[in-house]
Every structure is written in C-alpha cells, then in structure tokens.
Amino acid sequence: MSPEQPTLVCLGKVLGPVLPAWQTPPRVGCFSHMSNFVPHPLDDRPPPLEELSHPERPQDPETNFVINEILQVAVNTVGEEASHQEHPRGVQQVVITAIRATDLTLGLRRIPAGFHVVVKADGIECQTSNKPVHVDQVVVEWNEQILLPCEPSSLVRVSVYASFELDPMLCHGEVLRTFNISVGELLDRSEKSPIIFRAKQHEVVSSYTSLFMKVEQRCSDENADAVVCPHTTLTSGDMDLSVLETDTGHRLLAQYRRMKDNGDLDQSIKHFERALDFFPVEHPCRPAALFNLATAKFVSHQAIGTYLDLDIPITLFEDALEFRPDGHADRPITQLHLAIALLFRFAKQGSETDADAAEELLSDVLDVCHSNSHIYRAALLAIDTFALHGAGGKGGRDLDQKQPTAFMIPLSPDQLARRVEWCSYRDDSRELDEVISLHYDALRYYGTMHDCREQLQCNLGVMLYIRYNRRGNNQDLDEAITRLREALDVSSVGRAHRSKSSNNLANMLYTRFQHRGNDQDLDDAIMLHRDALTLHSVGHPDRSSSLSNLGSVLYIRFQHRGNDQDLDDAIKLYRDALALRPLRDNDQDSYEAIMLHRGVLASRPVGHPDRLKSLYNLGTALFTCFQHRGNHQDLDEAIMHLRAAVYLLFPRSGLDGTGEDTDSQTAAMHHLKAAANVVSAGLLPRLQASLRWARDADQHSHDTALEAYANSMQLLDAFMSATASVSSRHSVLKKFSNRLAMDAASCALRSGDVCRAVELLEQGRTVIWSQMTQIRTPLDNLQDRGDHAVALMKKFKELNSLLDTLPTNHPERTPGVDVDAEAIRSRPLDAEASRVVEKIRKIEGFSRFLLPPLFSYLQYAACDGPVVVLVASKSSCDAIIVPHNQPPMNIKLRINLEKLQHLVVKLQRASQPQAAPKPAPETTPKSAPKSTHLPLMKALTELWDDVVRPVVDNLGGFAPPGSRIWWCPSGAFNFLPLHAAGAYRRGGQLLSKLYISSYTPSLTALIRARRSHDRSLPVSFVAIGQNHPPGHKIPLAGVEPELDLVRDLLPPPPTVSFTKIMSVDATKSRASRALRDNTWIHFACHGTQNFDEPFDSAFLMRDQPLSLLDISQMDLSRHEFAFLSACETAVGNPHTPDEVIHLAASLQFAGIKSVVGTLWEVNDDTVQHLVKAFYNKFCGDGKMDSKRAARALHRAVQSLASDKDLDMPLDQRIVFMHVGI
C-alpha cells in the first residue's frame, strides 16, 4: 500500500479525503460567518441570490470593494396596482425614502469621521447627512427622502462616501462605490433579485457591503416637506474650485494607497495645497483643508522615510487643532493624527518632548471618545505600538512599518476569510502578501479577548502555509504552526471549528516533519488527528476523512520507525473510512465535478507544477461520466486529457531517441523547465520538476540537459538550506540526489565541457559538508579592504558564531513548541547573515563569496600535485586529471558502472574475509590468511587495469614519478583502495611504486586545508585512548601501549606538549574538549560506521560516543594533524555515494589539514608496527610538519611490506590511507 499524505483544509470547509499524490487536494476554504445581508424589517423576501464572480476577468481600478456588492431595492407602491411603465393618474413622483448600508467602515485605509450618500439625477445632486459609526455598528441608516425623476429612462448616479470631518464637511470625502442605474431599473428590481456588482481591482473594503434603498411612488403633494433639498449651485467660484481640488486630492490619495505610485501621492499633495489656498485664516473650512494636507504630507514621509519631512505635517496638524477647540466634533481625530506623527518623530529623533505631547494627546482622545469608536481603538493601538517600539528610540524603522494600522480600520474576520478563499485559488503573490498583512493588522486591532481572534489566527496560519508551499520560506511554515497552536490554545474543546483547526495544524506539522525529520512533529500530528477524530463522532459527515487522515500519518510513522502496531492501526482506520464512503451513481455530481476540474485546470497554465494533477483529475472524471452515460464525446476528451497528463509525467510520446520528433522533445522540456521555475510553487515541487527535467533531457540527449542539472543542484542546495537537521538533510540526499552530481558531470563531459564537469561535481557533492562549514569561511583577506570591509568581517563572524551554536539536530522527543522557538530565534540571524553576505560580495575580489566555485578557483587544489577526479555514472566512467596551471584532461575508463559495482564487492570480500562470521566486538580482528591474498590481488589488479593504469599512463605530463597525487573519487569509486592498485604479478607495476597517493573528499576541502597556517605555534599533541567502551566486555589490550609508543616517538618538550587521555578519563566531554584545545591528535579506540544514520558514526568513548556530528560542529580550522587508529574511519556511505560521510572526512571538513585513517578493520599487530614506522618517518628528525604525513605513511607501509621477518598480510598493509595535504 502506498502512503497518502494529509491535505490542508482551511476552516469552514469539509475536510476532504486524503488523496494520492497524482490527485488534486480539495480547495482551501475559510472560517467565516455569513451575516452581512441586512433586509428591511418589513421585507419578508428571501436574501438576494449572488451572481458567481469571475476573478480572472479584467477589473476596474477605480473602486474600493473586494468581491461583490449587493444593491437591494424595495418598492412600496401607493395607489391601486400601480405600474411604473404606465404611471396611473396622480402618481407624479418617485422617491427614495430610506437608505441602509452595512459594514461600510471595514477595510477602509483611513479612519473616517462619518459616511454619507450622494444621489445625482438630471443634473441635480442630493446629499444625505454625514453619520459617524462605531466599531460594532453594522448598519448605517438614512431616513431621508430623495426625489427622483419620474421618467423611467432617467439615469441615477448613487455614490457612497467616507468623510474625514464632521463639521463643517469640506467636499465629499473619499468615494467608496459609485454606480449608475435608471429609475425604471430601480423600479423593476422590486419584483426581481437584487443587483450584484462585480469586484474591482485592488479593492480593500467590505466584500459584501450591502446598500438597501427603499423606493416609493406617490403623488406630488405627499410629504413634500420631508424631501432632501438638492445642493444649490455655489455662487463662489473659489468654493467651487476648492471642492474640486479637495475631491481630486482624496481620489489620488486613495489611489496611491492602492497602487503605491508616488506620482499619485505628489499630485494629491498639490491639490490639497491648492485647496488650502482658497481658505483664509478665519474660514470655517480651513481646519479641514489643513488636516487633509497634513495627512497627505505624513503619508509622503512614510513613503520617503526622512525625519525632516515630519516637521511639516506636524505643524499642519497643530494648526488644524488650534481651529478645533475642546468640544469640537473633529478635535479627537485631529489629536489622534497629531499624536501619531509626534510618535514617529520621537522614534526618529528621540525627543522626550514629542513623546510627552503624544501621550497627553492620546489620553485626551481616550477621555472624550466612546470606547467602541474607531478613533478610541486607533488611539489604543498607537499607545501599544509606541510601548513596543519607542522605548529605546531605535525602533523607528519598525514603527514606520507597523504604525499605519492606527490610521486604518481592518477588514472584518468574515471579509478576511473571503479574501483567504479568494487568494487560495489565485497564484497572486502580491495579493497573498496583502492578505497576510491584513490579518496581522486585524490581530493588532482586535484585543486578545475578542471572539474573532481564534478565527483570525486560524486563517492567518492557513495563508502562511499557502505562502510556504508556494515559496518554500521556512519562516512561514514555523509561523503558521505557531498561529494554529495559539488558536487551539484559546479554543474550547467543544468549539465547532476546533476539529478543522486540529487537522490544519496536523497537516502543517506533518509537512515540517517531511522536511526536517523531527519525530516530535510527526507524533504531534498524530495526536491532533486523534483529537479531530474524537470530535467527529459516529455519524459525523467528516468522520471518514478523519479516519483516513489519522491512518495516513500512522502509516508514515510505521514506515519511519517500523512499529507494527502503527501499521495495524492504520489498516483498521483505512477500512473504517472506506466503509463510510458508499458508492454513488449521480450524474449531477459527475457533471459538477467535471465543471470544477475544468475551472481548476484553467487556473493552472502550462508550466504550473500541479497542471498534471488537474489533467489527470479531469480525465478520470470524464471517463467516469462516460461509464455512466456512454457518451463517446466524454471518452474522447478523457483520453485527450489523460494522454496530456502522461505526456507531462513521462514525456516519451515520439521521444524514441532517434530525433524524429524534436518538436515533441522541445515541448516536453519546455513544460518541465517552466514547472521548475514557477517560484510561487515552492522549493519541493520545483526540485521534483527540475530533477525530472534533468533525467528526461539527459535520456533523450536534449540540449537543455546541462541547464537542467545545474538548475536541479541550485534548487537542491536551497531546499537543503531550508531543512533544519543534519539527519533530515541526509534523508533528502538519499531521496533526491543519489547520483545527481555524477550524472551532471557525466553530461558535461559528453558535451565536451570538462571544466564545467568539475564545477558541477564539486557543487553537487558534499552538499551537507559545504553548508555546515561555509559559516566558518575565513575572511582574513577582508582586513586589507578598509574599515567597511573589516566591519562586515566582524559582523559576519559574530552572526555565524551565533548560528553555529544553534542545534543542528533535535533529540527525538524535543517538544514541538521548543523546536518552533528555536526556529523563530534563528530567523533574524539567517536574514541578517544573508544581508551581510550580499554586502561582502560587492567588495572587489569577493563577488563569488559562498557561491559555487569556478574551475579557475578549484585548480588551486592541485598546486602541490595533480588531483584525479573520478566520475561514475550510468552513461560512462571517467577520470579527470586536474593540474594546477593547465587545462584539465578527461580520460574515458574501460570500466562501466555495473562492472565497477561488482569490483567494489570483490574487494570488500577479499579484503575483509571476516565478513563471513565476524569476530566478537571485544576481540581484536585477525588479518586475512594467506589463502585469501590471491582474490585480493586479483581484485587490485583489476582495479589497476580498468581504473588506475589509464590515469597513470596520462600523468607523465603533470607529475614526475615519485611525486604526490590526490584522488577525489565519487560514487562507487569511494569504496576502492586506489592507492593499493597494481598489477600483482611478476614484473607488474604498482601505483605505490610510482606515486605517493592521498585522498580528498572534495577540491574545496583540499583548498581549505592548503591555506597558510602559523607553524611557529607550539605543537600541542593529545593522544586519546579508550580501551573499554560500554558494551565491550574485554578491554583492548594494545591501546595504552600504543599511546605510550606515540609519546616516546614524538619530539620532547618544548617542541611538543604531549597529553594522554586514557580509559576512565576518555569520556565524550573530555575528548571533545581535548579535540578543540589541541591541534595534533591521535585516536586509539573502537570506531563504528552507521550506514543508516552516517552522522551517528563515532569514536567510542567511556560514557557516550563522540559522533561524526559532534566533530562536524567543531571549528578545527587551526588544527594540523590527526591519526585515527580505529576501524573503518574512512569508509563512505553507499546510500549517498555523492556525499563523503566518514570520520576522516569529518575531521578534514572541520578543518584538520592532514588525516590518517583506515578503510576496514585493523588488528593490534598492524597498528603497533605501523604507528612505530610512521612516527619514525614523520618526526624522527625532531620536526613537526603536517605536510609530511602522506610521505611518512607511504614510506612506513613500504618498509613494512619489504620486511620479510614481519610478513604483514596484504589487507593490513593497505588498510591505512591519507586524507588532506
């Protein structure tokens, strides 16, 4: 059975079934209360039916609403069976008798003083009174009669405005919605459904704001006195122009808030300035004109960000306040804006006078305003924000970003829920960011005890999760989980939406488990799915989905840990879920499903990572419909869509490699490339698409293959960077890139680009090591680039020191909240480090800082001798000789990948005969009997003939006999004793007779090891021996004599300062400390290699193992040498052959320049003889130089091999190898 992943379901929608990977998950819905329609008390008609909106259509930018707006018209007819089409005698007037609006305040980008409606017909304009509203006031009602023309064809223009002053009101204010309708159509609507208006682009006000207009037909003499008089024509030309200038200023300012075009803002200011010029000092409208100009100037400061600009709006606000004394209706809103401007200046300049003045103003606002007013809430928000950011005066930038919410009224929770649903269907990054920002604004606006906070937290979590899936930002996933946890903390157990919140949080935790490998996330996800199932009791419509979700995560945990109980539980849950899903035979359901799938497919254009799923879903739905109805048209269309899906999944149709259908090849690669570059899809889908692109392009020899490989490695590196723990990074490598780097290099070699092959191999291999060690990159060269460069160097070191202290792995039962806290703590550090890196790259000579190295840089690895890079791929096996100052040479080897893998097995069996019955752990391994020498010699001869000899034949121009060479193997080559290859027959050549071999896990590691170091420092040498680790009954008898031998062979003090740590003293903590404090190390102990979790490979100490992960987290960049007298310290991991993961490599990546390790088990006799011979050759003359280690090891082995009295077995003579300089 294949595991099925839980799918995200947003609040308010039924939790959908767990779908296979090729199916489309259910649409994301939201948590909302649909209560915006407010009917007239006397109207018993049902609510209006809403017309479906089409968000993909072009939209009018001149309005402020979100999805649609309802205009409901109620008509009371006076007279007998009156009809507007044939007006009965005596009916001479059509009158609007009442206007009622809902949710006008929500979503405004400015705090209004009031609202009014303007009705214009036949050139006559009538305006209602200006009415203020409170936060919780849903309905605004005007019971004011407005006379309309009697002619049905007469056009009526209705506009709803927000004003920013109450008395006197200057001009109209900011228009919220304007629409045109004829008198006849108004009357027609009395018997039909209401008018519904389309959404407009960039709208931010209520998505379901309704405007209810009550219209009557009556005789001209009825209630004539109550009719609103039309505006009289202004006699003053200046007043007329001032109104025009002010209206234009408001319109442009609102347009700037939507479009962020600074040109609109500048023009708005100019119009407000012209309007102010019309009003002398004593004019009653001057305060309003001053206030409008001050507001626009303050917005301009926010756009530009210089504190000098603040003096102007503050002065204007102060002037306006002087004209609005205590008791004036508009004094509180003026005080609010002036206080906020003063707080901004305080944040910039730190003047306590500004802070005190702002505090006094805000206190006055709170004293005179109703606690439910928007001005009161905004004042509280300003105080809260000031308390958070104003204390030290260094939060000015943050204040700029957060404080504007004090001028705004956020969308309601229901409106935000609709925006969430809208966003979930559209790939619009700007809209998604806006919705998330609006949720944060709303959470700051509504207090911690407000009933809507749970809903806001849940939907914010959903939006952050959607953004994480589209962009792959790890911070969004952590924040989404935090928000959902907070929502559940305040949600009561019986809350209707708790089960949906639990499911959402469980799915997010499961996603994080997939990416980071923290088992606690998986356990928490299972617990939450159990909670959701408890809430979905027998008979609940969502019980089947909950059963399926819980079964899925239990099955995943079974795969991860192998607990049979999890598997049994998962099977039972799946069966129970299936039993609750009866078969249905409903043509209407099939038709609706097809229509939905068509809509989803239309929203996923070519290149979208989920287009394949939509094609598959639509095809299967059409085929199901054909099975039920027998319509062959459905069958033909189903085949077409399924064929397209298969084409995307396996672009093979017509791709037989003959080149007959190059158009099909190009089209297929175009689709895959497009999918790999859809940034909003998220890193994981892009990586999957890119890997498939690379695989298929390589298989069909398409000219985009090399580009696909490079793109895949770049995405892999980004994806790995977002993966928290080292163990989960290793899991990612096993899953996605078992041979990626080798295949990429092979592709480059086939295209003839040898330099690019080396670059790709270096970039794609040792990914984990590169990411772990790049934060320790030395920056000493920056010291000569001026004070700015030195400051950047110090900042980089400081940040990376902090990052280096963060845990790379979390213990298995680490609480999820602790993991979240750790991730949150690292976010600003990561972001700041990235900014510092970008600045360093702008310094001359550092443009490639922490970027994949170019070949010209990698050649420096060969400054002391050529490096032979070995590439093993399915297409070919190659050797690349990298010299220091010459072009690289590519050598095609005779061996293929299958034969190479067989050779690895032969050598392992021949060199480790004890692999049959292995000796007990506490015994010393015995060397191979002489009868086994023949198989080993045959295997080494095959290695010589097929791999090493072709290289040696071409080394003459790069390295003279007797000099040093370095091997940089990849893939299966990592498991071969290349240094021991030779023709083991009479007169045959041996590599060891021709060259001195060393190894390096990567060219970059060798370059790092070659960096200059201060050899004048005293040699601090520590010998660490552990002869009796836990689990081993019999002590290793040769450990302590070995350490004493090393001490005797080293130069005496003061040349060498020697420390011995032995037996009970050799604990993990003591060994770790000694490893950090001494630059020369000798280990004598048991070593273990863990292939399942290679970073758990370790030296066994007295209490706990000193693991490879522990070592990799140390900075040993000043260390010179390590001798590893332990078994299997230089054996790689067959599961990730691209990544060299063993103890010797970990020491070199951590910074040690020269390391001697072992390929397999070594016996005590070999160690005693080899240690004595090695240290005699290494420092017998009293000099300590780590660069002499390779030659000393080479000569020691040669001397032991020629010692006929010793007769050391071949497998023990070749067991030691050298890594590094």
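The legends below take you through several close-up views.

**A note on reading the views.** This is a predicted model, in which local features need pLDDT of at least 70 and side-chain atom pairs count only at pLDDT 80 or more, while totals for chains, interfaces and linings use all residues. Residues are numbered from 1 along each chain as its sequence is written, and side-chain values use heavy atoms, with hydrogens and water left out.

**Figure 1. The protein chain as a whole.** Before zooming in, here is some background. The chain has 41 helices and 24 strands; helices (H or I, at least four residues) and strands (E, at least two) are DSSP runs, numbered from the N terminus. Of its 1221 residues, 56% count as buried. The accessible surface comes to about 52,000 Å², and 51% of that belongs to carbon and sulfur atoms; the areas come from the Shrake-Rupley method with a 1.4 Å probe, and for residues only the protein chains shown count as cover. Among contacts with a separation of 6 or more, 74% are between residues 24 or more positions apart, where contact means heavy atoms within 4.5 Å.

**Figure 2. Lys906 and Glu942 form a salt bridge.** The closest N and O atoms of this pair are 3.0 Å apart. A salt bridge here is a side-chain nitrogen of Lys or Arg within 4 Å of a carboxyl oxygen of Asp or Glu. The pair links distant parts of the chain: Lys906 belongs to helix H31 (residues 897–911) and Glu942 to helix H32 (residues 933–952), 36 residues apart. Side chains of opposite charge can pair when their charged atoms come close.

**Figure 3. Asp519 and Arg561 meet through their side chains in a salt bridge.** The N to O distance is 3.8 Å. Here too the pair links distant parts of the chain, with Asp519 in helix H15 (residues 519–535) and Arg561 in helix H16 (residues 543–561), 42 residues apart. Asp519 is buried, with a relative accessible area of 9%, while Arg561 is partly exposed at 34%. Widen the view and you will find a network of salt bridges linking Asp519, Asp523, Arg557, Arg561 and Asp566. The structure holds 37 salt bridges.

Figure 4. An α-helix has 3.6 residues a turn, so residues three or four places apart point the same way. Both partners are partly exposed: Arg1047 has a relative accessible area of 39%, and Asp1044 has one of 21%.

**Figure 5. Strand S14 (residues 964–968) is mostly covered.** Five of its five residues are buried. Arg964, Trp966 and Cys968 point one way, and Ile965 and Trp967 point the other. S14 runs parallel to strand S11 (residues 867–872), joined by three bridges, and Val869 stands opposite Cys968. S14 also runs parallel to strand S15 (residues 996–999), joined by four bridges, with Trp966 opposite Ser998. Two strands pair if DSSP finds at least two bridges between them.

**Figure 6. Helix H36 (residues 1068–1077) and its buried residues.** Those residues are Ala1071, Ser1072, Ala1074 and Leu1075. They cover an arc of only 165 degrees around the axis, so they lie on the same side of H36; the arc is that of the directions from the helix axis to the C-beta atoms. Their cover includes strands S16 (1019–1025), S17 (1056–1062), S18 (1080–1084) and S21 (1105–1107), together with helix H37 (1108–1112).

Figure 7. A cis peptide bond joins Pro1053 and Pro1054, with omega about 5 degrees; Pro1054 is in the loop between helix H35 (1039–1049) and S17. Cys171 is not a glycine, yet has a positive phi of about 60 degrees. Cys171 sits in the loop between strand S7 (155–163) and strand S8 (174–182), and is buried at 8% relative accessible area. Asp1207, also not a glycine, has a positive phi of about 50 degrees. Asp1207 is in the loop between helix H40 (1189–1201) and helix H41 (1210–1213), and is partly exposed at 41%.

Conventions: Buried means under 20% relative accessible area, exposed over 50%, partly exposed in between (1.4 Å probe, protein chains only).
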